[in-house]
Amino acid sequence: MNLIEARGLQRDFPTPGRSTFGRIGTQTALAPTDLDIVAGSSVGIIGESGSGKSTLVRLLLGLDRPTSGTVAVDGRPVDPSAPARSLHWLRRLTGLVFQDPYASLDPRMSAGQIIGEPLWALDIPGDRRARVREVLQQVGLDPEMAERYPHEFSGGQRQRIALARAIVHRPRILVGDEPLSALDVTVRAQILELLVELRRSTELTLVLVSHDIGVVQSVCDTVVVMKGGSIVERGGTAAVLRAPQHPYTRTLLAAIPVIPAPPA
Ligand SMILES: Nc1ncnc2c1ncn2[C@@H]1O[C@H](COP(=O)(O)OP(=O)(O)OP(=O)(O)O)[C@@H](O)[C@H]1O
Ligand SMILES: [Mg+2]
């Protein structure tokens, strides 16, 4: 079953200033795109900077309005022009982690308040404090840390808090837009492991934007390659990495440094 279905999804942005002929120009950040995301799958979106990855995921989540085209999540049309309250169903279904853990955490709120906020905002019933302690443990943090403030955490811990907040309401879809790029290798590996574990234990559908093909390789079963606002290649991760069809994917893969195998 398709959990997310995009049809002819397109986003143009006005270009700054006017052209020589006095018209306001537009730039196509996303050319008409169809995309199906199957429930329970894990999709990696890769591609160079400016290729439209964030634009695509923002449209899928109803965080931005398409110039044309449609998105349906769990069979329901997403209408980003609707008042915020009427998109609660979509917020309940989805969790989102951004690249920069510091910018996405309100410094005046304690970790517990930050993590628990979606439970209150989305009116999720149950013992909310207990749920916050539970997810803190799930992301490998001490539940006592709920009392602390963002500046008292390391970068890796902050990203765990952002992840805890994204999963606290038990979404069926977790979307990460470069959620790991601000982290060092060790912390990145720990969070990757956590994502793999979450998928196993909660049947989460994962959509992961990443520059890092190693990341995509370790958690994504499907990969989408973007260039210049279009999807230029898609398929099973193993197949695409083994035999990339599009010249751009080949270039992208060739740019990865390969550590030579030690002599036998
Ligand atoms: N709010 C906006 N206003 C104007 N142009 C925008 C806006 N958001 C994105 N764009 C443009 O759309 C194109 C695609 O941007 P997008 O952020 O989707 O790229 P990306 O693939 O996520 O890149 P990165 O890897 O650097 O995050 C870029 O040319 C960008 O300048
Ligand atoms: Mg981006």
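## Around ligand 1

A residue counts as near a molecule if one of its heavy atoms lies within 4 Å of it, and helices are DSSP runs numbered from the N terminus. With that in hand, welcome to this predicted model.

The residues surrounding ligand 1 are Phe13, Gln27, Ala29, Glu48, Ser49, Gly50, Ser51, Gly52, Lys53, Ser54, Thr55 and His211. Helix H1 provides the largest share of this shell, with three residues. Sorted by class, the shell holds eight polar, two nonpolar and two charged residues.

## Polar contacts with the ligand

Let's look at some side chains that meet oxygen atoms of ligand 1. Ser49 has a polar side-chain atom 2.5 Å from one oxygen atom of the ligand, and for Gln27 the distance from a polar side-chain atom to a ligand oxygen is 2.8 Å. In Thr55, a side-chain N or O atom sits 2.6 Å from an oxygen atom of ligand 1.

How much of ligand 1 does the protein bury? Alone, ligand 1 exposes 640 Å², and the protein buries 60% of that. Strand S2 (24-38) and helix H1 (53-60) are the elements that give two or more residues to the shell.

## The largest pocket

The largest pocket has a volume of about 460 Å³. It is lined by 19 residues, and the closest to its centre are Arg91, Thr94, Leu96, Pro118 and Arg165.

Helices H2 (88-93), H3 (111-121) and H5 (155-167) each contribute at least two lining residues, as does strand S6 (94-97). The largest share, four residues, belongs to S6. By class, the lining has 11 nonpolar, five polar and three charged residues.

Conventions. Residues numbered from 1 in each chain as written. Chains lettered and ligands numbered in written order. Predicted model: local features only at pLDDT ≥ 70, side-chain atom pairs only at ≥ 80, totals over all residues. Heavy atoms only, no water. 1 Å grid on protein atoms, 1.4 Å probe; cavity = no way out; pocket = protein on both sides within 12 Å on 5 of 7 lines; lining within 4 Å. Points joined across faces, edges and corners; volume = space filled by probe spheres on them. Nonpolar A, V, L, I, M, F, W, Y, C, P; charged D, E, K, R; others polar. Polar contact = N/O pair within 3.5 Å; in protein donor to acceptor, adjacent residues only side chain to side chain. Areas by Shrake-Rupley, 256 points an atom, 1.4 Å probe, with all protein chains shown as cover.
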